[in-house]
Amino acid sequence: MDGTTENQAQAQRRTIVSFVRRNTRLTPKLQKAWDENADRYLLGIPRQDAEHDVSVAAGFRLDEDFQRSQWGRIRPLIVEVGTGQGENIAAAAAARPDCNFLAVEVFDQGIAHTLSRCQHQALSNLRIAQADAAQLFATAFPDGSLEEVWTYFPDPWPKMKHHKRRLIQAPFAANVLRCLRPEGLWRIATDIDDYALQVHETLDFFPGFANVGAKNVSLATEHVGKGNADEAAMLPHALFRESERYGGRIVTSFERKGLEAGHTVRDLTYRKTAPTTGVAATEKE
Ligand SMILES: C[S@@+](CC[C@H](N)C(=O)[O-])C[C@H]1O[C@@H](n2cnc3c(N)ncnc32)[C@H](O)[C@@H]1O
């Protein structure tokens, strides 16, 4: 292994684990969807560690050659991280045949649902990566290769002691920045105020990103955990800029549950202002 590859492998091993594998047995219907569609839609990702089957081998590149071989054509590539059951990305892929789409998810059932949508909507521009997004963004995408990155309703990790497992933190942000094309967008949505605060703290002053939101919203400026959410109302607040709801984002069943629980859904949009540097971002201890 040369020095660069070794550094990349080390960076991967230090990524945050933002998910818990919940792989239960697929129902016969979902198993059928998997068996009939995985060959066409599910990417073969070389693994770093066979025991951890959502890992990504350090040497794997999701580059133009790979894109051409899997999607059939090169088009602007939009990646959604944590696609759940694939409701949003399937709708987006159907609405925008001018783009290629990649769904990144770890959870078998979610992937099986997404495969089923691909089949029933006869989608030709959507592929699925069963992979830890933190590893995929650490080494697989070439610099400046992505049109947009979407992270809608990332796992909230509501307890204070688990906030460190949230996906949107500086190391992941540095990798998203590297992978986006100049002027490319990172669109984020959350129904957890405390997560929105974390996104503002991570990205509003992140060198190379600009918050393009034009809507002023008031948020508590201190973090609260599950069970303390009401206390946030008593804390000092400040104004932050967020975006109007993105028209290309549909209401998923996950978002619907948040709305029914009385949550406020927030859209946040960041544009890459930095030129692509060619320097792969690594995670700091
Ligand atoms: C709260 S769900 C939201 C799903 C979907 N975006 C929606 O709006 O319905 C978050 C999803 O992110 C996935 N996820 C969390 N961390 C991930 C990671 N590092 N790589 C890929 N998927 C991840 C989880 O498995 C889960 O399906």
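Student: How many helices and strands are there in the protein?

Tutor: In this predicted model, there are nine helices and nine strands.

Student: What makes the protein agree with a compact globule?

Tutor: Set its radius of gyration against the rule: for 285 residues a compact globule would come near 19 Å, and the protein has 18 Å, so the two agree. Along the principal axes, its C-alpha trace spans about 55 × 45 × 35 Å.

Student: Why are helix 6 and helix 7 called oblique to each other?

Tutor: Happy to walk through that one. Two packed helices are described by the angle between their axes and the distance between the axes. Here the axes of helix 6 (residues 133-140) and helix 7 (residues 170-179) cross at roughly 45 degrees and come within 9 Å. Angles under 35 degrees count as roughly parallel and those from 65 to 115 as roughly perpendicular; helix 6 and helix 7 are therefore oblique. Their crossing is left-handed.

Student: Which residues meet where helix 6 contacts helix 7?

Tutor: From helix 6 come Ala 134, Phe 137 and Ala 138, and they meet Phe 172, Asn 175, Val 176 and Cys 179 of helix 7. By class, this contact has six nonpolar residues, one polar and no charged.

Student: Good, now the ligand. Which residues come nearest to the ligand?

Tutor: Gly 82, Gly 84, Ala 133, Thr 252 and Phe 254 do, out of 22 residues around the ligand. The shell divides into twelve nonpolar, six polar and four charged residues.

Key
Residues numbered from 1 in each chain as written. Predicted model: local features only at pLDDT ≥ 70, side-chain atom pairs only at ≥ 80, totals over all residues. Axes fitted to C-alpha atoms, helices over the stretch in contact; angles between N-to-C directions. Helix = DSSP H or I, 4+ residues; strand = E, 2+ residues; numbered from the N terminus. Parallel < 35°, antiparallel > 145°, perpendicular 65-115°, else oblique. Left-handed = near helix turned anticlockwise from the far one by under 90°. Contact = placed C-beta atoms within 7 Å. Nonpolar A, V, L, I, M, F, W, Y, C, P; charged D, E, K, R; others polar. Near = placed C-beta within 6 Å. Rg over C-alpha atoms; globule rule 2.2 N^0.38 Å.
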